Each structure stands twice: as structure tokens, then as C-alpha cells.
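Hello,

Here is the structure I promised to pass on. My notes follow below it.

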Amino acid sequence: KNCWGYVPIDKVATKGTISQYNNLNWPWPVVTPSGKNKADYIYSPYGRRNRGTGMHKGIDITTGNSSEINGYEVISAFSGTVNYVSRNEDLLWGYCVAITSDETIKDPISGKRFVAIYMHLKNKPEFFVGQTVKAKALLGYVGTTGDSDGYHLHFEVNNQMGSIYEIDGEEYSEAGRKSFNSLINPVFFYMDDG
């Protein structure tokens, strides 16, 4: 199948497979508070959109219960360096942080470092470009800023060191994020090989 996060067989050589990614031991990017429903429901999966047109570049994480995930902690999936920060809640992605993995965390397919992007945060990020963060560092809280139809975290990963930048509030994608074939289904980093 060519949608809902499945990788077409002709893309396996360039995009990798589940077994190549699930051994990286990344923490799940949303922390579930004690006594709350788990933030493990994928509201909108990676791949072809089930509404509208185009391809969804990441996964939208919720609990499956409307606004319950509001305010859950968002943490970094790996150690790295902040390469983009949005402090404008009206941009498409709202409050947002993008992180490039450190030199020790590289994609087994491309040999390049990963970039993870965390969108629609509730809070204005306090980070600055060039700041280093550790794995599990608190990045913010789940929100619904930007072009969002409810509380969720949009979590996106690519293996070409592509990120976001903006000019006068307009989105531009650096090479590596522009092409859907440079992106990876984030679920691959968390699936069992069994």
C-alpha cells in the first residue's frame, strides 16, 4: 500500500525499514501524566491524508479523547542542537521546535543526522538556534497553535537534515524536508521487530 504510513517496496532502499530504525531507543515524544490516558493514539498518520490532498509529513499524536492531551509534556527524542524555533503561534505550524541529532546519532540509510520537528506547541519556546539539548529534554507542552484542528503534537522526522525556515512569516522548506521521499514514518522508530 502506498498510504497510511506503509513504505512502497521501491522506496525501501532509500527510506529504510522498521528493523533498521527501531533499535535507536528513542523515547516517545509525549509524556503521559500519571493517571491520564496514554498519548499513543495517532490521529493523523504519516502518508497520504485521509482528508484533503497531499501527504502528511509526520504523525499527529493524541490520546483519542478530544482535548485531554492539552498540556502533556513534549520531550526531545534524542540529544542534539536546536536548528529552528517558531515563536509565532499564527504560522502554519504554530509554536514549534526543530532539533538536529548530535554527531553520534545518524541515519543508517543516508549516513546523515536526523532532524525531528515538534509542531503546535502550547507555549512560546524559550530555546534559541544553536542551543544543545539532551534526549528527554522538555521542549514544551502539547497545544493547538497554528493551523491545527485540535490538541495534538505533530511529530516529524527526516534523514536529510532538512528543516523549516521562514521569511516574513511564510514557510520555506530546506532540501530534505521538501521531498516526501526524504522523510521517515516516525512510527518506525517505536515499532517492535516482532
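**Around T100**

Leaving aside neighbours within four places in sequence, T100 is in contact (heavy atoms within 4.5 Å) with F78, S79, G80, T81, N83, R113, F114, V115 and M161. This is a predicted model: local features need pLDDT of at least 70, side-chain atom pairs count only at pLDDT 80 or more, and totals for chains, interfaces and linings use all residues. Residues are numbered from 1 along each chain as its sequence is written, and side-chain values use heavy atoms, with hydrogens and water left out.

T100 sits in strand 8. Strands here are DSSP runs (E, at least two residues), as helices are (H or I, at least four), numbered from the N terminus. T100 has a relative accessible area of 9%, so it counts as buried. The classes are buried under 20%, exposed over 50% and partly exposed in between (1.4 Å probe, protein chains only).

**Salt bridges**

How many salt bridges does the structure hold? There are 2. The criterion is a side-chain nitrogen of Lys or Arg within 4 Å of a carboxyl oxygen of Asp or Glu.

- K106 and E103 meet at 3.5 Å, N to O. K106 is partly exposed, at 39% relative accessible area.
- R113 and E103 pair with their closest N and O atoms 3.8 Å apart. This pair links distant parts of the chain, 10 residues apart, with both R113 and E103 in the loop between strand 8 (95-101) and strand 9 (115-121). R113 is partly exposed, at 21% relative accessibility.

Shared partners join E103, K106 and R113 into one network.

Two strands pair if DSSP finds at least two bridges between them. Strand 1 joins strand 6 (residues 73-75) through 2 bridges, and the two run antiparallel. V31 stands opposite E73 in strand 6.

**Also for your list**

Y172 lies in strand 14 (residues 170-173). Y172 is partly exposed, with 36% relative accessibility.

Best wishes
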